[in-house]
Amino acid sequence: MAQLVELRSIDVVPDEERHGTAFSQFTLWLGANLQITAVVTGALAVVFGGDVVWSVTGLLLGNLLGGAVMALHSAQGPRLGLPQMIQSRAQFGVRGAVVPLLLVIVMYVGFFASGSVLAGQAVGELTHTNDTTGIVVFAAVTGVMATVGYRVIHALGRIASTVCALAFVYLAVRLLDRADTSALLHDAHFSLPVFLLAMSLSASWQLAFGPYVADYSRYLPRTTSPRATFGWTLAGSALGSQWSMTFGVLVAATAGEEFLDSQVGYVVALGGTGLAASFFYLVIALGKLTVNVLNTYGGFMSMVTSVSGFRGQRRLSRAGRAGYIALVMVAGTAVALLGKDSFLASFKDFLLFLLTFFTPWSAINLVDYYLISKERYDLPALADPHGRYGAWRWDALAVYALGLLAQLPFLSTGFYTGPLVDPLGGADISWIVGLAVPAALYWLVGRRNAVAVPDPDQGASPSAAERTAP
């Protein structure tokens, strides 16, 4: 019988432990995106001034563009058999990778918190308690499932993708019965700043998956087609998120203040009362559980990667695994409890804040992997600060810093607005600059130091060194 509790963390997955097909990425990412926070993200496009037609269009474009970048990261998993962020050592150095890693950990804690706020409302209703109790109970269940690991995460994705898809179809039918769709479709007024905001909201949603997407494709057989991994990941993530966000747009456009006052309560009320309401509270909790387990698991991976870069730790005990997961869970729960009363006001700024920091990382990682290293890394060297990749890659870190700075003139958030935002009519295009500038700079800098890595035999198992690295 296959081991249920995962034993591996940041070490290479050997060929004999690889299993599954690329289609598993579709069900996982569909289930992870059919959930209430994605609904709220779509609703924000209307809350901040968009109409239905152009909000849906902007969200679709952002989901496709951001989802393509995210899916390119996913295709790295079967080839390398490594979690996503440990690959950053090839660009930033074994210890230098801690710079983007610290920001990734902040992201995981933030998304854990935002998900727990909404799920806590659902769990509180199901248990007839309150939001605070719901948040704590939800966080505890999330921590247990993340500790079990990879197999239960994919099983949860399969269940959530089916249950949540059926639930959202039913809710959409109920919503359309209430809405004057003809009026909504004819009330189209294009505004470039608001259109770009919608694109930024969905692109940031997709790009935020980039730092951990390969964590869930690394157990696929080494011979899995990169195109299949890319395609199924993109299809699941873009379809699930667009489905949820379009629903959010329609809800915000038809319900207004009623939805803003209680996002979970309004959505559940669409489904009915009594047992029907309990079922939809359970659906909301299930959808959030799927993605919050991903956030907890990814946070644990990033923390281990950060620490191991300095301590040289290659394997992790079950107790150590549980300890790291508990840290993510406790931090995320604390933030959720502190911010639960101002969720909607701060969530947009949180998404755009994340986008600022992760677009340069994505650009550098993808340029290095696909264009400079040609999909080949020296896996043992990823654990050796004195090896091929060194301890600190100051050139890559400088490009990353320049990528951050290049975005500032174009950035528009609640706490900072760049000087070039007004000349662009209020449009925030910082994420486009954050992809293009570091990609070009790293292409110029990275290829100067590139050293060819032999192409491994696709059918061979990793060497003993690879099995313990990093």
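**Figure 1. Packing of helices α6 and α14 in the predicted model.** Helix α6 (residues 98-127) packs against helix α14 (residues 275-311) at an angle of about 160°, and their axes are 8 Å apart. The two helices are therefore roughly antiparallel to each other, since an angle over 145 degrees counts as such. The crossing of α6 and α14 is left-handed. In the contact of α6 with α14, the residues comprise 18 nonpolar, eleven polar and two charged.

**Figure 2. Packing of helices α17 and α18.** Helix α17 (residues 394-407) and helix α18 (residues 430-446) meet at an angle of about 155°, with 8 Å between their axes. That angle makes α17 roughly antiparallel to α18. Their crossing is right-handed. On the α17 side, the contact is made by D395, A396, V399, L402, G403, A406 and Q407. On the α18 side, the contact residues are S430, W431, V433, G434, V437, P438, L441, Y442 and V445. By class, the residues of the contact of α17 with α18 divide into eleven nonpolar, four polar and one charged.

**Figure 3. Crossing of helices α3 and α10.** The axes of α3 and α10 cross at roughly 30° and come within 7 Å. The crossing of α3 past α10 is right-handed. Eleven nonpolar and nine polar residues form the contact of α3 with α10, with no charged residue among them. Helix α3 (residues 52-74) also has the highest mean pLDDT among the elements of the chain, at 95.

**Figure 4. The salt bridge between D15 and R222.** The structure holds three salt bridges, one of them formed by D15 with R222. The closest N and O atoms of this pair are 3.1 Å apart. The pair links distant parts of the chain, its two residues being 207 residues apart. D15 lies in the segment before α1 (23-33), while R222 lies in the loop between α10 (192-207) and α11 (226-255).

**Figure 5. Model confidence and the stretch at residues 457-470.** The mean pLDDT of the chain is 84, and 90% of its residues reach 70 or more. Helix α19 (residues 464-468) has the lowest mean pLDDT among the elements of the chain, at 38. Over residues 457-470 the pLDDT is below 50. Beyond near neighbours in sequence, this stretch has 43 contacts in the model. Where pLDDT is low, predicted coordinates should not be read in detail.

Terms used:
Residues numbered from 1 in each chain as written. Predicted model: local features only at pLDDT ≥ 70, side-chain atom pairs only at ≥ 80, totals over all residues. Heavy atoms only, no water. Axes fitted to C-alpha atoms, helices over the stretch in contact; angles between N-to-C directions. Helix = DSSP H or I, 4+ residues; strand = E, 2+ residues; numbered from the N terminus. Parallel < 35°, antiparallel > 145°, perpendicular 65-115°, else oblique. Left-handed = near helix turned anticlockwise from the far one by under 90°. Nonpolar A, V, L, I, M, F, W, Y, C, P; charged D, E, K, R; others polar. pLDDT = per-residue confidence, 0-100. Contact = heavy atoms within 4.5 Å. Salt bridge = Lys/Arg side-chain N within 4 Å of Asp/Glu carboxyl O.
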